[in-house]
Amino acid sequence: MPRDPRYDILFEPVKIGPVTARNRFYQVPHCNGMGHQFPAGVAAMRGVKAEGGWAVVCTEECEIHHTSDVTPHAEARLWDEGDVRVQARMVEAVHAHGSLAGVELVHNGLSSPNRYSRAVPLAPSDQICEAYDPVQARGMDKSDIRDLRRRHRAAALRARQAGFDIVYCYAGHGLTLPMHFLSRRHNRRVDEYGGSLENRLRLFRELIEDTKDAVGDRCAVAVRFAVDELIGPDGITAAAEGREVVEMLAELPDLWDVNVSDWSHDSATSRFTEEGFQEPYTAFVKSLTSKPVVGVGRFTSPDSMVSQIRRGRLDMIGAARPSIADPFLPKKIEEGRLEDIRECIGCNICVSGDFLHAPMRCTQNPTMGEEYRRDWHPERIAPKTSDDSVLVVGAGPAGLEAARALGRRGYAVTLAEAETELGGRVTRESRLPGLAAWARVRDYRLQQIQQMPNVEVYPASRLDAGQVRDFGFPHIVLATGATWRGDGVGRKHHLAIPGSDADHVFTPDDIMAGRALAGPVVVFDDDHYYMGSVVAEALVARGAAVTLVTPAADVAHWTHNTLEQHSIQKRLLERGVTIVAQHDLASVGTDSVTLACVFTGRETQRDAASVVMVTTRAPNDILYRHLRADPQNLETAGIASVTRIGDCQAPGIIAAAVFAGHAFARDFGTDIDTDETPFLREGAGHSRF
Ligand code: ADP
Ligand code: SF4
């Protein structure tokens with residue numbers, strides 16, 4: 001289909017200082033859990049974005065010097081000449097598709113405890129490092145400032161040598177030295193770098209001027225600036241100092257990349273924000289500068305993007321997560337294939353890669369992080385190797401993705417689902433408070449499958465082992481999911497919690513099914529991801545008095561990795577949920593529960609007419625076990641393989657189920673040696689490039 005002319009504006013070139021972007025799609029800097037540890041992986045991933053039509057593709061933050069070392073987080077580095085070669089590889093991958101490569105030079109100041117380099121951290125004034133390390137930063141004297149400027153300049157020159165087209169000066173996310181200087185709460189200096197806003201801005205201005213002087217002839221010099229820290233008058237606000245900074249520097253950089261900080265606000269999840277959520281903060285910037293302005297807001301809809309441009313809010317559509325979920329988003333708009341867009345669901349599983357120091361993964365895009373090591377491409381997959389047909393049982397994320405990817409390979413696929421509605425857990429969970437966007441996991445795959453004549457879908461078809469055998473498909477994939485346990489077995493309890501077999505004990509499946517329960521309710525969360533908190537929210541919305549009990553120190557502890565923990569606990573407190581942290585559920589009584597302090601074991605009672613166990617799930621593997629129980633029967637039925645994938649093998653996150661479905665489809669019909677590592681490794685003993 002030809003492109004809708006309404007979207008033509010998105011494909012206009014944009015001049016950025018001495019360089020020109022071929023369209024308005026701009027992949028802003030984003031970390032990826034790979035960084036300097038897996039640079040070949042990063043280069044391949046960025047190259048795919050360029051191939052997918054992003055006119056500008058940036059690095060993650062790129063440390064300029066060993067005094068800015070955020071180990072164990074793996075970011076980019078341009079500390080010295082050795083890093084130039086590494087970064088050049090990423091630049092080449094981006095240039096190969098006609099895009100511009102940007103590098104986000106950073107000094108993290110008091111946010112770098114320098115665990116690897118052991119350098120003394122630097123700050124505007126003596127103070128504690130922001131990480132919970134027992135490490136303090138040294139207030140910089142004038143010679144430190146001169147050194148910093150020289151080092152930043154040297155890194156800019158290395159960036160140019162590596163071939164970058166856009167070089168950033170970075171004052172964002174509250175984690176960067178220029179931001180620390182700008183901030184009244186960090187900068188207590190009495191010299192010309194402290195006091196007035198003009199003084200606090202001096203270092204940032206100097207860094208921009210130095211960078212322009214060093215590389216501005218060939219490279220655009222971009223600024224990333226958080227116009228609002230969302231902490232009120234103690235910080236930078238769009239109404240006051242954020243605006244004044246843009247006024248004071250207006251024409252100095254070649255491009256303004258603006259957002260809010262901290263990172264949890266900038267990368268807020270769909271549970272807490274809508275598409276375009278940053279506009280109220282960043283909208284003013286364009287009125288103060290003639291230079292191109294880039295901003296983000298989890299943009300996946302071309303109409304929203306066009307609206308940003310037409311209404312004079314942005315010149316370029318910045319994206320991190322939408323480009324992760326669909327590296328080919330620009331191409332799909334360009335080619336009029338909107339129905340093929342894989343929209344980001346705003347879950348921040350990608351972000352968790354940075355915190356967990358592992359290559360990022362994406363719920364929607366199972367090829368993310370696999371471009372180099374498994375040679376997976378988001379839009380290409382090998383054709384089928386036989387005419388074998390496949391029966392996929394279960395249309396949750398694992399089954400849907402297996403059917404979609406097998407279908408793309410050309411296999412004849414039959415997808416059978418017990419329920420009338422497809423989507424499995426994502427359909428159920430998307431009805432919980434704040435999780436509506438998660439239905440996109442189902443919608444994208446269904447949309448794709450519906451276009452495939454070789455994939456047939458049968459809802460309302462619960463299959464048993466006899467039926468599966470009778471159908472006569474040679475290959476069976478079981479994606480039958482998992483069921484929440486009601487007995488409390490999980491991390492804390494390896495045996496059932498006493499009293500958990502009572503009728504007033506429920507599970508998240510019961511809540512999602514809309515079962516009525518009496519209050520007050522105790523939710524026992526030994527899962528520590530989102531489910532306990534959304535169940536509590538759902539119950540409060542139904543009018544119940546809710547207490548959330550968790551053995552962890554805070555609610556939904558794992559969501560620190562998705563930047564949500566603070567927002568989740570705040571929301572529960574604001575909605576009146578009572579939180580009892582660092583307590584175990586010792587037993588369930590008829591109208592109360594017994595809690596035990598995780599440190600002392602001291603027991604207390606709490607009223608509970610109902611209890612919801614949010615602990616672990618049991619795989620729905622009965623069908624698998626029945627089929628595998630009788631190999632002779634399988635052989636007679638002509639069944640060559642029975643494979644279980646996703647939650648019915650081992651319950652996990654949705655991203656893992658999608659990955660399992662995809663991996664099955666990729667590997668199907670190929671010879672896999674399960675003793676071999678299934679991907680290329682980088683690092684010690686392994687070639688990087
Ligand atoms: P996953 O995350 O692994 O994809 P889900 O729980 O989301 O798992 O999806 C599993 C799907 O399998 C559910 O929609 C469920 O109704 C379906 N299912 C389970 N058992 C059967 C069966 N015997 N026949 C057909 N569908 C089944
Ligand atoms: Fe979007 Fe989630 Fe993928 Fe991140 S992991 S890009 S938030 S869908």
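Guide: Buried means under 20% relative accessible area, exposed over 50%, and partly exposed in between, with a 1.4 Å probe and protein chains only. Helices (H or I, at least four residues) and strands (E, at least two) are DSSP runs, numbered from the N terminus. The model is predicted: local features need pLDDT of at least 70, side-chain atom pairs count only at pLDDT 80 or more, and totals for chains, interfaces and linings use all residues. Residues are numbered from 1 along each chain as its sequence is written, chains are lettered from A and ligands numbered from 1 in the order in which they are written, and side-chain values use heavy atoms, with hydrogens and water left out.

Visitor: How many residues of strand β6 are buried, and which lie on each side?

Guide: In β6 (residues 100-106), 7 of 7 residues are buried. L100, G102, E104 and V106 are on one side, A101, V103 and L105 on the other, and both faces are covered.

Visitor: Which strand pairs with β6 over 6 bridges, and which over 4 bridges?

Guide: Two strands pair if DSSP finds at least two bridges between them. Strand β4 (residues 56-63) pairs with β6 in the parallel sense over 6 bridges, where C58 has G102 as its bridge partner. Strand β10 (residues 166-171) also runs in the parallel sense with β6, over 4 bridges; here Y168 stands opposite E104.

Visitor: What covers the buried residues of helix α12?

Guide: Contact means heavy atoms within 4.5 Å. Helix α12 (residues 349-356) has 6 of its 8 residues buried, namely I349, C350, V351, S352, G353 and D354. Their cover includes α7 (263-266), α10 (321-325) and α22 (654-667).

Visitor: Where does ligand 2 sit, and which residues are around it?

Guide: A cavity, on a 1 Å grid over the protein atoms alone, is a set of points where a 1.4 Å probe fits but cannot get out. A molecule sits in one if more than half of its atoms lie within 2 Å of its grid points. Ligand 2 sits in the largest cavity. A residue is near a molecule if one of its heavy atoms lies within 4 Å of it; the residues around ligand 2 include R321, C344, C347, C350 and C362. The most is given by α10, with 3 residues, while α10 and α12 each supply at least two.

Visitor: Which backbone values deserve attention?

Guide: Most residues other than glycine have a negative phi, and most peptide bonds are trans. The bond joining T71 and P72 is cis, with omega about 10 degrees, and P72 is in the loop between β4 and β5 (76-77). Another cis bond runs from G519 to P520, with omega near 0 degrees; P520 is placed in the loop between α17 (508-512) and β21 (521-525).

Visitor: Is R118, with its positive phi, buried or exposed?

Guide: R118 has a phi of about 65 degrees and is found in the loop between β6 and β7 (122-123). R118 counts as exposed because its relative accessible area is 73%. H173 also has a positive phi, near 60 degrees, in the loop between β10 and α4 (177-182). H173 has 8% relative accessibility and therefore counts as buried. Just after α12, H357 takes a positive phi of about 60 degrees.

Terms used: On a 1 Å grid over the protein atoms alone, a cavity is a set of points where a 1.4 Å probe fits but cannot get out, and a pocket is an open set with protein on both sides within 12 Å along at least five of seven lines; lining residues have an atom within 4 Å of a point.
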